[in-house]
Amino acid sequence: MSRLIPKLIMAIVLVASCFLPSQGSEAGVREDFLQAHKNMKDKKFPCETIPYSNLASDCIRQRMVIDDNCKTVQYRCDNEMKEYHDPKPVLIQRKKYLERIKALESDLTQKTNALREFDNRPAPKDDATIQVVKKLIEINQRETQDLKRAIEELDREANGRYERIDKRIAYAKQCIESRREQQKVFEATSAQAKNETADGFRAERDELVNKWDTSVREHEEPKDQIRRSISTCEDMKNYRP
């Protein structure tokens, strides 16, 4: 429920912003800027400091997109969900199975050669020893087949984990793009405000421009953190024992 409250507030502001006067007359522009400046002083959401209704609406919509795309549980690979998508333990176990199969294949070659030697000996043949060797060969072959099936299962598990990592990387990239789109809104607002020529709110405008430019910069650190998360995910995906 607590997560819904900010979204409900944003939705209300979004609807209200549609009824704000646009930058028509100078008096209207001044009024819009003074209200935006008051919102900033009242520490309201950054989107509520935008005096242009179209950009304010874009800002609020994009904020909602960020809330949906930037949940850390969706894109981080080193959080509490790591055990479900990290292929490292699976690959380590797979390597152990392969090494065991290699040893079994060597052992099988030796036992097969020994059996051939026993079979080629002249009578009387050592039937008891031959049966023991045959039994050992059967055990070897069963273990080898069991290990190969286990490796197939590990391969399926590893592929599933690779897919989950790819999804996290995709979510991370979506989050970065969402933040970049939000930055564009603040950049456009700042650029448009700097071209305003109406009198009576220059000081307020300059404070607001500083606020919007700061809002642009404030997205950089989260984007860098997400890029680091992508690197962590890629390192995890590229791990080979």
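Which residues in H7 meet which residues in H9?

**Entry 1: the model.** I note that this is a predicted model, in which local features need pLDDT of at least 70, side-chain atom pairs count only at pLDDT 80 or more, and totals for chains, interfaces and linings use all residues. Residues are numbered from 1 along each chain as its sequence is written, and side-chain values use heavy atoms, with hydrogens and water left out.

**Entry 2: H7 and H9.** I took helices as DSSP runs (H or I, at least four residues), numbered from the N terminus. Contact I read as heavy atoms within 4.5 Å. On the H7 side I listed Tyr-162, Ile-165, Asp-166, Arg-168, Ile-169, Ala-172, Lys-173, Cys-175, Ile-176, Arg-179, Arg-180 and Gln-183. They meet Glu-220, Pro-222, Lys-223, Ile-226, Arg-227, Ile-230, Cys-233, Glu-234, Met-236 and Lys-237 in H9. By class, I found 11 nonpolar, one polar and 10 charged residues in this contact. Here Ala, Val, Leu, Ile, Met, Phe, Trp, Tyr, Cys and Pro count as nonpolar, Asp, Glu, Lys and Arg as charged, and the others, Gly among them, as polar.

I then looked up the geometry. Helix H9 covers residues 220–238, and its axis lies 10 Å from that of H7 at an angle of about 165°. Axes are lines fitted to C-alpha atoms, for helices over the stretch in contact, with angles from 0 to 180 degrees between N-to-C directions. The two helices are therefore roughly antiparallel (an angle over 145 degrees). The crossing of H7 and H9 is left-handed, the term for a near helix turned anticlockwise from the far one by less than a right angle.

**Entry 3: H3 and H7.** I next examined helix H3 (residues 53–69) against helix H7 (residues 127–194), whose axes come within 9 Å and cross at roughly 165°. That makes H3 roughly antiparallel to H7. This crossing, too, is recorded as left-handed. Among the contact residues I noted Leu-55, Asp-58 and Cys-59 of H3, and Arg-179, Gln-182 and Val-185 of H7. The contact comprises nine nonpolar, seven polar and four charged residues.

**Entry 4: Val-185.** Val-185 has a relative accessible area of 10% and is buried (under 20%, with a 1.4 Å probe and protein chains only). Leaving aside residues up to four places away in sequence, Val-185 touches Ile-50, Leu-55, Asp-58 and Cys-59. Its C-alpha atom is 9.9 Å from that of Ile-60, 125 residues apart along the chain.

**Entry 5: aromatic pairs.** My search of the whole structure returned three aromatic pairs. Rings of Phe, Tyr and Trp (its six-membered ring) pair if their centres lie within 6.5 Å, and planes over 60 degrees apart count as edge-to-face. Phe-33 and Tyr-52 are edge-to-face, 5.8 Å centre to centre with 85° between the planes. Phe-33 is in helix H2 (residues 26–41) and Tyr-52 in the loop between H2 and H3, 19 residues apart. Phe-33 is buried at 1% relative accessibility, and Tyr-52 is buried at 1%.

Phe-33 also pairs with Trp-212, their centres 6.4 Å apart and their planes at 65°, so this pair is edge-to-face. Trp-212 lies in helix H8 (residues 202–218), so the pair ties together parts that are 179 residues apart in sequence. Trp-212 is buried at 0% relative accessibility.

Key: Angles under 35 degrees count as roughly parallel, over 145 as roughly antiparallel, 65 to 115 as roughly perpendicular and the rest as oblique. Rings of Phe, Tyr and Trp (its six-membered ring) pair if their centres lie within 6.5 Å; planes under 30 degrees apart count as stacked, over 60 as edge-to-face and the rest as tilted. Buried means under 20% relative accessible area, exposed over 50%, partly exposed in between (1.4 Å probe, protein chains only).
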